[in-house]
Amino acid sequence: MAAGASSNSLYDRLLASQNRERAMAGVGPLQWDPALAAAAASYGPALASLPHLRHSPKATRPGQRENLWKGSRGYFSPEQMVSTWAAEKRFFHAGVFPAVSSTGDWEDVAHYTAMVWPTTTRVGCAVYSTREFDYLICRYSPPGNIDGRRVQFSSR
């Protein structure tokens, strides 16, 4: 958890940060989903045991997409955590998913598009901390980043 933040303010700020990005993209706000937050929290210990960030198996999260982040414990605000995903919008261009990145690699925009996908309506996040790192796990539903779907929203 970010230094000096209570659980409620941390999660309120994570939701508000993501909803600011959605507003800039011209899509409606996400609603907080406690079940998604619990599912995200359940992955924290396993994620922290891995040598690098790796998404949980899709089979363990049907109907969900997942964004992951890792940083030095207590150093980053919720807004800074989310901003790393939002920064991917510089590579986004409208198109048919997965051909939506100016780099040619959809993974360069996947966190951003998962966060602002127009038909996604709910999010739940958890921060898992070790002695060294904070891990942010957010789960989204209904899932975005759907192959063959046209993606067009403002990326500025």
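These legends walk through several close-up views of a predicted model.

**View 1. Four strands line up in an open sheet.**
The strand order is S1-S4-S5-S2, and the pairing in this open sheet is mixed. S1 and S2 stand at the edges with a single partner strand each, so one side of each is left without a neighbour in the sheet. S1 and S4 run parallel and are joined by two bridges. S4 and S5, in turn, run antiparallel, with eight bridges between them. The pairing of S2 (residues 65–72) with S5 is also antiparallel, and it too extends over eight bridges. As background, strands of a sheet pair through backbone hydrogen bonds, either parallel or antiparallel.

**View 2**
Which residue of S5 stands opposite valine 123? That residue is tyrosine 140. Tryptophan 32 stands opposite valine 123 as well, which places valine 123 in S4.

The structure holds one disulfide, and the cysteines that form it are cysteine 125 and cysteine 138, with an S to S distance of 2.1 Å. A disulfide is a covalent bond between the sulfur atoms of two cysteines. Cysteine 125 belongs to strand S4 and cysteine 138 to strand S5, so the pair ties together parts that are 13 residues apart in sequence. The torsion about the S-S bond is about 110°, so the disulfide is right-handed. Are these two cysteines buried or exposed? Cysteine 125 has a relative accessibility of 2% and counts as buried. Cysteine 138 is buried too, at 0%.

**View 2. Leucine 136 sits within a nonpolar core.**
In soluble globular proteins, nonpolar side chains tend to be buried together. Here the largest nonpolar core has 27 residues, and those with the most contacts inside it are Met115 and Leu136. At least two core residues come from each of helix H1 (7–25), helix H3 (78–86), helix H4 (110–116), strand S4 (122–129) and strand S5 (133–141). Another core, of seven residues, lies apart from this one, and its members include Ala40, Leu68, Ala126 and Ile137. What does leucine 136 touch, beyond its neighbours within four places in sequence? Its contacts are Leu14, Asn67, Leu68, Trp69, Met81, Trp85, Cys125, Ala126 and Val127.

Look for aspartate 33 in the loop between strand S1 (31–32) and helix H2 (34–48). With a relative accessibility of 12%, aspartate 33 counts as buried, because the cut-off for buried is under 20%. Not counting residues up to four places away in sequence, aspartate 33 touches Arg122, Val123 and Gly124.

Serine 72 is found in S2, and its bridge partner in S5 is phenylalanine 133. Serine 72 touches Glu132, Phe133 and Asp134, leaving aside residues up to four places away in sequence. The relative accessible area of serine 72 is 39%, which makes this residue partly exposed. From serine 72 to alanine 126 is 54 residues along the chain, and their C-alpha atoms are separated by 16 Å.

**View 3. The largest pocket is lined in part by S2 and H4.**
This pocket holds about 430 Å³ of space. It is lined by 18 residues, and the closest to its centre are His55, Glu66, Trp106, Ala110 and Asn145. S2 and H4 are the elements that give two or more residues to the lining. Which element gives the most? That is S2, with four residues.

**View 4. Proline 45 in helix H2 can be compared with histidine 55.**
Proline 45 is found in helix H2 and counts as partly exposed, at 43% relative accessibility. Between proline 45 and histidine 55 there is a separation of ten residues in sequence and 13 Å in space, C-alpha to C-alpha.

Technical notes. Residues numbered from 1 in each chain as written. Predicted model: local features only at pLDDT ≥ 70, side-chain atom pairs only at ≥ 80, totals over all residues. Heavy atoms only, no water. Core = buried A, V, L, I, M, F, W, Y, C linked by side-chain atoms within 4.5 Å. Buried < 20%, exposed > 50% of the residue type's maximum accessible area, 1.4 Å probe, protein only. Contact = heavy atoms within 4.5 Å. Disulfide = S-S within 2.5 Å. Pairing = 2+ DSSP bridges. 1 Å grid on protein atoms, 1.4 Å probe; cavity = no way out; pocket = protein on both sides within 12 Å on 5 of 7 lines; lining within 4 Å. Points joined across faces, edges and corners; volume = space filled by probe spheres on them.
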